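Thanks for asking me to look this one over with you.

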Amino acid sequence: MKDRQYGYIYDGTFEGFLTVAVICLRQHRAPAFVLPYHLAEGEDGIKVKTDPSEAEHLYSVIGSVADVQAQQNCLDFFLTCACRKEITLFAYIYKALVTGPSISEDYSDPTVKLVRQAVLDLYREAQSVQTDLCFTEEGGLSAAVIDPRNSVLPLIRNQVLRREDIEDIALYDKRHCLLLRRKGEFASLADIRHLAMPVIDSPE
């Protein structure tokens with residue numbers, strides 16, 4: 001990796017981060033910082049437009065050069081609340097591409113260990129949130145608000161949507177500004193960070 005580093009600003013999506021990673025890998029430079037737009041106010045970084053095809057290609061390469069577990073670790077770690085997670089994830093991807101499948105068996109490398117521990121914490125919290133989930137029904141809509149440290153909603157989405165004891169669902173993660181919605185046959189998980197939202201208190 002070259003010594004000179006640049007900071008990057010992206011849209012906050014996994015595909016956006018992978019686009020940044022592609023740029024850094026091609027330039028043989030580790031990023032000085034990688035921040036989503038909503039956390040980059042005042043930062044002088046290179047704004048990167050998400051390229052889904054580039055992101056998909058890198059994700060595929062990680063799977064072929066390393067293994068499927070390395071792919072899954074990347075996807076899961078991105079959902080965690082780890083400090084400077086983008087920098088750590090870039091380091092993990094670089095190690096995966098250099099070392100190959102052995103990265104999944106490496107229990108001593110500090111970066112790999114950090115990723116493993118954060119992912120374990122993510123899944124533990126997801127299980128806890130799902131177990132404690134309590135909906136309040138009003139006007140035919142079952143609603144709930146969660147405030148997890150990690151972004152667990154993508155992990156518990158399918159289990160929530162498969163529930164047959166409730167009809168229309170609105171599950172809001174106020175920390176990560178994600179809204180899971182089901183109305184009839186329609187279901188969606190959306191980032192609503194830039195939408196004007198009323199204040200919603202968690203049910204007592």
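The points below go through the strands, the cores, one asparagine and the cysteines.

1. A word on the source before anything else. This is a predicted model, so please read each point below as a description of that prediction.

2. Let's begin with the open sheet. Three strands make it up, in the order β2-β1-β3, and the pairing is parallel. β2 and β3 (46-47) stand at the edges with a single partner strand each, so one side of each has no neighbour in the sheet.

3. Next, have a look at how β1 and β2 sit together. They pair in the parallel sense over four bridges. Gly7 has Phe33 of β2 as its bridge partner, and Ile9 stands opposite Leu35 in β2. To get from β1 to β2 the chain passes through α1, and this β-α-β crossover is right-handed.

4. Is strand β2 covered on one face or on both faces? For β2 (residues 33-36) the answer is both: Phe33 and Leu35 on one side are buried, and so are Val34 and Pro36 on the other. As background, side chains in a regular strand alternate between the two faces of the sheet.

5. The largest nonpolar core has 31 residues, and Phe17, Leu89, Tyr92 and Ile93 are the ones that touch the most other members. At least two residues of this core come from each of β1 (7-10), α1 (14-27), α2 (52-65), α3 (68-77), α4 (85-99) and α5 (110-132). The biggest contribution is that of α1, with eight residues. Leaving aside neighbours within four places in sequence, Phe17 is in contact with Tyr10, Val34, Phe78, Glu86, Leu89, Phe90 and Ile93. Another core, of 18 residues, lies apart from the largest one and includes Leu79, Val129, Leu153 and Val160.

6. Asn150 deserves a stop on your tour. This residue is found in the loop between β5 (141-146) and α6 (153-161). Why does Asn150 count as buried? Because its relative accessibility is 1%, and the cut-off for buried is under 20%. Not counting residues up to four places away in sequence, Asn150 touches Leu79, Thr80, Cys81, Asp121, Leu122, Glu125 and His176. With Glu125 there is a polar contact from side chain to side chain, at 2.8 Å. As for His176, it is 26 residues from Asn150 in sequence, while their C-alpha atoms are 8.4 Å apart in space.

7. Now the cysteines. How many disulfides are there? The count comes to zero. Cys81 is in no disulfide, and the nearest cysteine sulfur to its own, that of Cys83, is 9.8 Å away. Cys177 is in no disulfide either, with the sulfur of Cys81 as the nearest one at 16 Å. A pair of sulfurs would have to be within 2.5 Å to be counted.

8. Finally, find the hairpin formed by β7 and β8. β7 (residues 178-183) and β8 (residues 186-191) pair in the antiparallel sense over six bridges. Lys183 stands opposite Phe186 in β8. Two residues lie between the strands, and Gly184 in the turn has a positive phi of about 65°.

Methods. Residues numbered from 1 in each chain as written. Predicted model: local features only at pLDDT ≥ 70, side-chain atom pairs only at ≥ 80, totals over all residues. Heavy atoms only, no water. Buried < 20%, exposed > 50% of the residue type's maximum accessible area, 1.4 Å probe, protein only. Contact = heavy atoms within 4.5 Å. Polar contact = N/O pair within 3.5 Å; in protein donor to acceptor, adjacent residues only side chain to side chain. Core = buried A, V, L, I, M, F, W, Y, C linked by side-chain atoms within 4.5 Å. Pairing = 2+ DSSP bridges. Right-handed = clockwise from strand over helix to strand, strands pointing away.
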